[in-house]
Amino acid sequence: MLTTHQKHLIQQTIPVLKTNVQALTDYFYQRMLSQVPELKETFNMGHQRDGKQAKALANAVLAYAENIEDPSVLLPVINMICQRHVSLAVQAPDYAIVGEHLLHSISEVLSLSMEDELIDAWATAYQQLAALMIDTEKRMYAQLRQQQGGWSGWREFTLVKKVAETADVSSFYLAPTDALALPAYRPGQYISIRVQVPSLGFKQPRQYSLSTAPNGQFFRITVKEEALEQAPGYVSSTLHQQLQVGDRVEVSAPMGEFTVKDATKHNVFISAGIGITPMVALLEGLTQIPTSQPPAAISFIHVTQDAAHYALREEVTQLAEQHSHVKTLIHYSQALSGGGQFTLESVPPSLLTDNADYYLCGPAGFIQMISNELLQRNISPHQITHEVFSTGGLTTS
Ligand code: HEM
């Protein structure tokens with residue numbers, strides 16, 4: 001347990017560490033990945049190169065320290081991080097490695113010796129957080145193993161089908177190589193897939209939303225190819241250019257909380273670009289639920305460049321044709337003259353009711369814009385769930 005004195009010491013150093021979080025992060029990853037190179041197969045090396053999201057770990061430790069008096073406020077965030085860790089098969093002993101390198105980085109940034117009482121205080125705070133996370137992850141792994149068809153860590157899958165959806169988007173159908181059962185995941189969840197990246201010479205994991213409701217036979221992910229010159233493209237370009245039917249990949253069990261909270265409510269799905277992928281799974285899942293009542297309304301709103309870039313179009317069209325309670329609005333951004341951008345103003349009000357739950361997926365800027373519009377329309381934050389698709393990763397809240 002931290003003493004009051006240690007808490008003071010930590011609180012005094014938070015501002016300087018926050019100001020220097022970039023240096024802290026750079027030093028941390030450089031030190032850790034050069035001394036423990038096998039961890040390169042766990043971390044997203046695209047993030048290491050472009051700096052995106054790489055600060056997340058250090059920032060989370062600082063946020064924990066800031067809330068040391070009442071860390072319970074961070075529990076939802078910790079739960080989300082642990083889901084991501086479980087999806088990446090992070091193990092308890094990894095925490096000791098991360099802790100050691102993080103503390104050395106703090107000592108470096110603050111120009112303190114490792115024996116300083118401040119480092120000792122940070123070590124205690126880190127261990128406290130790590131213990132909480134290890135415990136949460138242990139429970140998640142156990143839950144996954146108990147599930148029918150479930151597993152924890154990596155499982156070998158075989159690519160059984162590859163379908164080009166648009167010029168730069170393909171679907172990958174993956175079946176477990178052992179031909180044993182698959183778990184009944186919740187539509188909207190994601191998996192991690194890990195492949196050998198030839199240009200790096202080692203494996204890389206990435207998260208992708210599942211783009212169908214569960215079917216017991218295969219998982220399907222629908223992936224946009226990112227340029228290889230840009231670091232985020234390591235995995236997507238390997239999938240698009242190298243992976244052939246019959247090839248093996250590693251897959252972790254479905255995780256994530258971007259799932260429908262209440263199927264009896266009006267649910268509104270708003271996506272942009274490749275953000276359509278979990279939406280198709282959500283739509284398919286909702287329309288499969290048997291109900292004696294007339295089903296609740298579903299709005300499916302999607303923004304994409306033009307018809308040629310509209311991935312999974314046939315599926316959406318078919319589901320809407322088969323289910324009269326599904327209303328779709330597809331907005332082609334390139335058809336706009338004068339450079340105007342999509343706003344909810346162009347959506348008929350019946351598709352956006354006050355009591356509906358809203359699910360948003362796409363780039364961060366799109367989600368920010370649509371969230372703001374919804375909040376301005378007095379939609380409560382509790383009614384809005386989103387999943388950000390940044391290059392090479394996704395984040396839910
Ligand atoms: C107390 C310790 C830790 C904290 C506070 C922490 C925090 C975080 C946060 C905030 C994220 C971003 C989540 C998101 O945006 O979805 C993250 C992602 C990640 N964490 Fe941790 N983490 C810790 C320990 C570890 C350990 C021990 C490992 C394994 C060696 C690890 C591996 C990763 C990986 C691979 C990602 C995904 C991002 C990427 O690929 O670079 N973390 N972590």
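Predicted model: local features only at pLDDT ≥ 70, side-chain atom pairs only at ≥ 80, totals over all residues.
Setting aside its neighbours within four places in sequence, Ile-193 is in contact with Trp-154, Leu-174, Gln-204, Pro-205, Arg-206, Tyr-208, Ile-221, Leu-239, Val-249, Glu-250 and Val-251. Several of those names come back when you look at the largest nonpolar core, which has 74 residues. The members that touch the most other members are Trp-122, Leu-174, Ile-193, Phe-219, Ile-221, Leu-239 and Val-251. Helix 7 supplies the largest share of this core, with 13 residues. There's also a second, separate core of 22 residues, and Ile-298, Val-316, Val-326 and Tyr-359 are among its members.

Now for the strands. Strand 1 covers residues 155–164, and strand 6 covers residues 248–251. These two pair in the antiparallel sense over 4 bridges, and you can find Glu-156 standing opposite Glu-250 of strand 6. Strand 1 also runs antiparallel to strand 2 (residues 169–176), with 7 bridges joining them. Here Ala-164 sits opposite Ser-170 of strand 2. Strands 1 and 2 make a hairpin, with 4 residues between them.

Next, pick out Leu-243, in the loop between helix 8 (233–241) and strand 6. Is Leu-243 buried or exposed? Its relative accessible area is 7%, and buried means under 20%, so Leu-243 counts as buried. Not counting residues up to four places away in sequence, Leu-243 touches Leu-159, Lys-162, Phe-172, Thr-238 and Val-249. For a sense of scale, take Tyr-126: it is 117 residues from Leu-243 along the chain, and their C-alpha atoms are separated by 40 Å.

Over to helix 4, residues 56–66. Its buried residues are Ala-58, Val-61, Leu-62, Tyr-64 and Ala-65.

You'll find His-85 in helix 5, which spans residues 75–87.

Key: Residues numbered from 1 in each chain as written. Heavy atoms only, no water. Buried < 20%, exposed > 50% of the residue type's maximum accessible area, 1.4 Å probe, protein only. Core = buried A, V, L, I, M, F, W, Y, C linked by side-chain atoms within 4.5 Å. Contact = heavy atoms within 4.5 Å. Pairing = 2+ DSSP bridges.
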